[in-house]
Amino acid sequence: MRPLSRRPPPSRRAAAAPRSTASDAETRALGAGLGARLRAGDLIVLTGPLGAGKTCFVAGLAEGAGCGARVRSPSFTLINEYEGPMTFFHLDLYRLEGHDAEGLGLEERCEQGAMVAEWGEKLPAHVRADALTLTFTVASEHERTITAGADGGRGAELLAAWEAIAGAGARA
Ligand SMILES: Nc1ncnc2c1ncn2[C@@H]1O[C@H](COP(=O)(O)OP(=O)(O)OP(=O)(O)O)[C@@H](O)[C@H]1O
Ligand SMILES: [Mg+2]
C-alpha cells in the first residue's frame, strides 16, 4: 500500500454559479469589470465553442485593463500584445497543435503582463495551475452562459473577484 503522503491531494477546484448574459455588450461589460482587477502574472483561460463570446469578453478585459487597442483575434499569429498601464497578452490557440505551446515563451511573457487565452484548455496543465478558467456556452442566439472555476492560488483570488463582479450584475 502506498503511504498516505503519496496519495494525490484532494481536488481544490472551486467554481462560481453560472452567469448568463443577454447581449454582447453585457458580456463585454463583465470582461471590463474583471479587466480592471488584473495584474501582471495573471492568466485567464477561456474555453467554449466557436462564437461563444470569448473574443467579445477579451475586448472588455482589455478595456478594463486600460488598453485602448482594438481587440481582434490573433488567429494566425496565436498571440497579440496590447500596451497600456500593463502589457496585456491575448492568445487564441484554436490553431495550436500538439505541444507547440511550449515554444511560445508563455511563462516568461506572463510575468511581464496579464494574459488571456482563448481555447486556453490547450495550454499545458502546469501553465494553467494558477489560472481563472471561464467556460462559455451558447444558450440561444443572444444568450451566453459563463461559468468560472479555479484550482487555487491567484486563480482563487480572481474567482472571488469574478463572483463579486458577476453576482453584482454588471449589466450594460
Ligand atoms: N450574450 C452574448 N455575449 C457575447 N456575444 C454574443 C452574445 N449574443 C450574441 N453574441 C454574438 O456572438 C458572437 C461572439 O463572437 P466571438 O468572436 O466573441 O466568439 P468567440 O467565442 O471568440 O469565437 P471563436 O472561438 O471563433 O474565437 C458575436 O457575433 C456576438 O455579437
Ligand atoms: Mg474568438
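Begin at Trp119, which lies in the loop between strand 6 (113-118) and helix 4 (125-128). The model is predicted, and in it the phi of Trp119 is near 55°, a positive value in a residue other than glycine. Most residues other than glycine have a negative phi. Is Trp119 buried or partly exposed? Trp119 counts as partly exposed because 19 other C-beta atoms lie within 10 Å, whereas a buried residue requires 20 or more.

Next, select the whole protein chain and colour by secondary structure. The chain contains five helices and eight strands, and from the N terminus on these elements follow the order β-β-α-β-α-β-β-α-β-α-β-β-α. Of its 172 residues, 38% count as buried. Among contacts between residues at least 6 apart in sequence, 70% join residues at least 24 apart.

Now select ligand 1 and display its surroundings. Which residues are closest to ligand 1? Of the 20 residues that surround the ligand, the closest are Thr27, Gly53, Lys54, Thr55 and Cys56. Helix 1 (24-35) and helix 2 (54-64) are the elements that give two or more residues to this shell. By residue class, the shell comprises five nonpolar, nine polar and six charged residues.

Move on to the largest nonpolar core, which has 41 residues. Those that touch the most other members are Ile44, Leu46, Ala62, Ala117, Leu132 and Trp162. Two or more core residues come from each of helix 1, strand 3 (43-47), helix 2, strand 5 (87-92), strand 6, strand 7 (132-138), strand 8 (144-150) and helix 5 (153-168). Helix 2 provides the largest share, six residues. In soluble globular proteins, nonpolar side chains tend to be buried together.

Within this core, select Leu132. Leaving aside neighbours within four places in sequence, Leu132 is in contact with Ile44, Ala148, Ala150, Gly155, Leu158, Leu159 and Trp162. Two of these partners, Ile44 and Trp162, are listed with Leu132 among the core residues that touch the most other members.

Finish with strand 7 and its two pairings described here. In which sense do strand 3 and strand 7 pair? Strand 3 and strand 7 are parallel, with four bridges, and Thr47 stands opposite Thr135 in strand 7. Strand 7 and strand 8 pair in the antiparallel sense over seven bridges. Select Thr137 to find Thr145 of strand 8 opposite, then follow the hairpin of five residues that joins strand 7 to strand 8.

Terms used:
Residues are numbered from 1 along each chain as its sequence is written. Chains are lettered from A and ligands numbered from 1 in the order in which they are written. This is a predicted model: local features need pLDDT of at least 70, side-chain atom pairs count only at pLDDT 80 or more; totals for chains, interfaces and linings use all residues. A residue is near a molecule or strand if its C-beta atom, placed from the backbone, lies within 6 Å of it. Ala, Val, Leu, Ile, Met, Phe, Trp, Tyr, Cys and Pro count as nonpolar, Asp, Glu, Lys and Arg as charged, and the others, Gly among them, as polar. A residue is buried if 20 or more other C-beta atoms lie within 10 Å of its own, exposed if 12 or fewer, and partly exposed in between; C-beta atoms are placed from the backbone. Two residues are in contact if their C-beta atoms, placed from the backbone, lie within 7 Å. A nonpolar core is a set of buried Ala, Val, Leu, Ile, Met, Phe, Trp, Tyr and Cys residues joined through C-beta atoms within 7 Å. Two strands pair if DSSP finds at least two bridges between them.
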